[in-house]
Amino acid sequence: MPKTVPDLREFIEGVRERNPGQEEFVQAVEDVARDIIPFVADNSRYHEAEILRRIAEPDRIVSFRVCWEDDKRNVRVERGWRVQNNNAVGPYKGGLRFSGSVTESVLKFLAFEQTFKNSLTGLPMGGAKGGSNFNPKGKSDREVMRFCQSFMSELYRHIGPDTDVPAGDIGVGAREIGYMFGQYKKLTGRWEGVLTGKASEYGGSNLRTEATGYGVVYFLREMLEAADEELDGKSAVISGSGNVALHAAEKLIAEGAKVLTLSDSDGFIHDPDGLDEEKLEWVKGLKLERRGRISEYCEQFSGADYHEGKAPWGVGCDIALPCATQNELDKQAAKNLIGNQVKAVVEGANMPSTTEASDAFREAGILFGPAKAANAGGVAVSGLEMSQNSGRVSWERDKLDGMLTELMQDIHRKCVEDGRNDEGAIDYVRGANIAGFRKVADAMLAFGVV
Ligand code: NDP
C-alpha cells in the first residue's frame, strides 16, 4: 500500500516534539515543509523514502567546551558547536558564527537552510553551520586570537578539505579565519583548503568578501528584469552594516540605485540624500576596521538622522534588503513596506523575515527573494575558493565576478522554473525550496536508506 503523505501540521508537530525549545529550527523546517509536502505528494519516491524527515535530522552535531584566558587572566568558558546537516551532494560547507545570541537551535536552522542553498548553487557542497556563544565585541585582538585557537583545538578533529569546510559568518571575518587557519595548520602540519574566506596572501579567493552582497544585487537585478523593471534610479533601504550589507550597498550604488539607510544592533541611520561611494568608504572604515557604531555616521555627514533602537522598515523605498540577522523583519514591518509601495524585498541575511512577514509579501505579490537563493553568492565563491585551493591556482577578480554573475543567473532561472504558478507569477520561495530540495533528494535516493 502506498505510504500516505503527512499533513503539514502533523509533520511540524513531530519536528517540534523532537526538538523542544528550538524555535528557530522549527520555523526554518516549517517554512520549507510548506512547499515541499505538497511537492512530494506528487512524487511518491521522495515521501516513501522519508527524504524531508531525514534532511530535517542533522547527520551529527558536535558540541564542545572552549576555554580561554582573557587579558586580565580570568579563565573563561564558552560552548562551541558544529552542526553537520547533510553531505549528500558534497563535503559539509557553511559558516561559523560567534555571537552571544548563538544557540544550538540557531545553528541547526542555519545548517538546514545551508543544505538547500548549497544545492541551489549547483556546486558539490553539503550543508553545515557552526560557531560559539563567544561574543567578540569589545574583546582585544589577543583575546580573540586565544579564543579562536582554543575553538580550533577541538574543531580540527571534525573538519577537513574533503569532509567539512567552514567559513565566516556574523562575528567571524578575515581576522578570526586567520587565527583559526593558523591553529589548524599548526595542529595538523598541513596547509590545505580547510577554511574559506581566507586572506588573499594565504589561499583566499578574490571577490569572496564582496560575493554575498554583490550576489544579492545580481539576484535582485534578475528579478527586476523578469518583471520589466530596472535598478537604475530605485531607492533602497538596507539593514545591517556588516559584510553583506556594505557590499550590497556598494553594488547598488554602482548600479545607480539610491541607498537610504544602514543599521546595526543599536539603531539605523537615514540619509535622504543617499549614500555615495565616499560615504560608503567611510562606513567601511568605521564598521569593518575601527569596529565603531553606525550612529557615528550622523556626526560625520550632516542631513542624516539616527533612530535609536529601531529598524529601517518604515522608510519609504522601492527595494528593501534585510542584511543583518534572523527574524529582524516582522509582520508589521512587512505591512509598512507594502503600504509604502515597496517593489522588491530580497533577503541578504539568513531568514530575516518572520514566517508572517514572508507570507505577507507573497500574498501581496511583491517580488520576494528568499535568502537561500539570494544570498548564495558567498558560499558559491567559497566553493570556487575550494577549487582554486585544490588546483593550487588563483583566479582574477574579473573572472570570478563573471562566474558569480552566471551562478546567480542560474539560481534565478531554477527558482523561476520551479516557482512559476498557474497564473504565470513567480513564487521565488517555492521555486528555491523545490529546486534546492530536488538535487539533495535525488542524491539521497541513490544512496539507499543509510
Ligand atoms: P557581520 O557580522 O559582518 O554583520 C552583521 C550586521 O548585522 C552588523 O551590522 C550587526 O550590527 C547587525 N546585527 C547583528 N545582530 C543584530 C540584531 N540582533 N539586530 C540588528 N542588527 C544586528 O555579518 P554578515 O554581514 O556576514 O552577516 C549578516 C547576515 O548575512 C547573517 O544572517 C549571515 O548569516 C548572512 N550571510 C552572510 C554571508 C557572508 O558571506 N558573510 C553569507 C550568507 C549569509 P552590530 O555591529 O551591532 O553587531
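This is a predicted model: local features need pLDDT of at least 70, side-chain atom pairs count only at pLDDT 80 or more; totals for chains, interfaces and linings use all residues.
Start with the overall division. The protein splits into domain 1, residues 60-191, and domain 2, residues 209-365. Their centres, taken over C-alpha atoms, lie 27 Å apart.

Now look at where the two domains meet. On one side, 10 residues of domain 1 take part; they are in contact with 8 residues of domain 2. About 670 Å² is buried between the two domains. Carbon and sulfur atoms give 41% of that area. Within domain 1, the residues that lose the most area to domain 2 are Phe109, Lys137 and Arg175. Together these three account for 47% of what that side buries.

What kinds of contact join the domains? Between domain 1 and domain 2 there are 0 salt bridges. There are 2 residue pairs in polar contact, counting pairs with both residues at pLDDT 80 or more. Helix H5, residues 104-121, supplies the largest share of the side of domain 1 that touches domain 2, with 4 residues. By type, that side of domain 1 holds 4 nonpolar residues, no polar ones and 6 charged ones.

Stay with helix H5 for a moment. Serine 119 is found there. Is serine 119 buried or exposed? Its relative accessibility is 2%, so serine 119 counts as buried; the cut-off for buried is under 20%. Leaving out residues up to four places away in sequence, serine 119 touches Met125, Lys414, Ala435, Gly436, Lys439 and Val440.

Next comes glutamate 24, which lies in helix H2, residues 23-41. Glutamate 24 has 23% relative accessibility and therefore counts as partly exposed. Which residues does glutamate 24 touch, not counting those up to four places away in sequence? They are Ser105, Val106, Phe109 and Met351.

Setting aside neighbours within four places in sequence, its contacts are Gln149, Met152 and Ser153.

Turn now to charged pairs. Side chains of opposite charge can pair when their charged atoms come close. Across the whole structure, a search finds 33 salt bridges. One of them joins aspartate 359 and arginine 34, with the closest N and O atoms 2.6 Å apart. Where do these two residues sit? Aspartate 359 is in helix H13, residues 355-364, while arginine 34 is in helix H2. The pair links distant parts of the chain, 325 residues apart. Aspartate 359 has 22% relative accessibility and so counts as partly exposed. Arginine 34, at 27%, also counts as partly exposed.

A second pair is aspartate 264 and lysine 287. Their side chains meet in a salt bridge of 2.9 Å, N to O. Aspartate 264 belongs to strand S7, residues 258-264, and lysine 287 to helix H10, residues 277-289. They are 23 residues apart. Both aspartate 264 and lysine 287 are buried.

At 25% relative accessibility, arginine 293 counts as partly exposed. Aspartate 266 is partly exposed too, with a relative accessible area of 37%.

These last two pairs belong together. Which residues make up the network of salt bridges? Asp264, Asp266, Lys287 and Arg293 are linked in it.

Technical notes. Residues are numbered from 1 along each chain as its sequence is written. Side-chain values use heavy atoms; hydrogens and water are left out. Domain bounds come from an automatic or database domain assignment. Contact means heavy atoms within 4.5 Å. Buried area is the accessible area (1.4 Å probe) that two parts lose on being put together, summed over both. A salt bridge is a side-chain nitrogen of Lys or Arg within 4 Å of a carboxyl oxygen of Asp or Glu. A polar contact is a pair of N or O atoms within 3.5 Å; within protein, one must be able to donate a hydrogen and the other to accept it, and residues adjacent in sequence count only if both atoms are side-chain atoms. Ala, Val, Leu, Ile, Met, Phe, Trp, Tyr, Cys and Pro count as nonpolar, Asp, Glu, Lys and Arg as charged, and the others, Gly among them, as polar. Buried means under 20% relative accessible area, exposed over 50%, partly exposed in between (1.4 Å probe, protein chains only).
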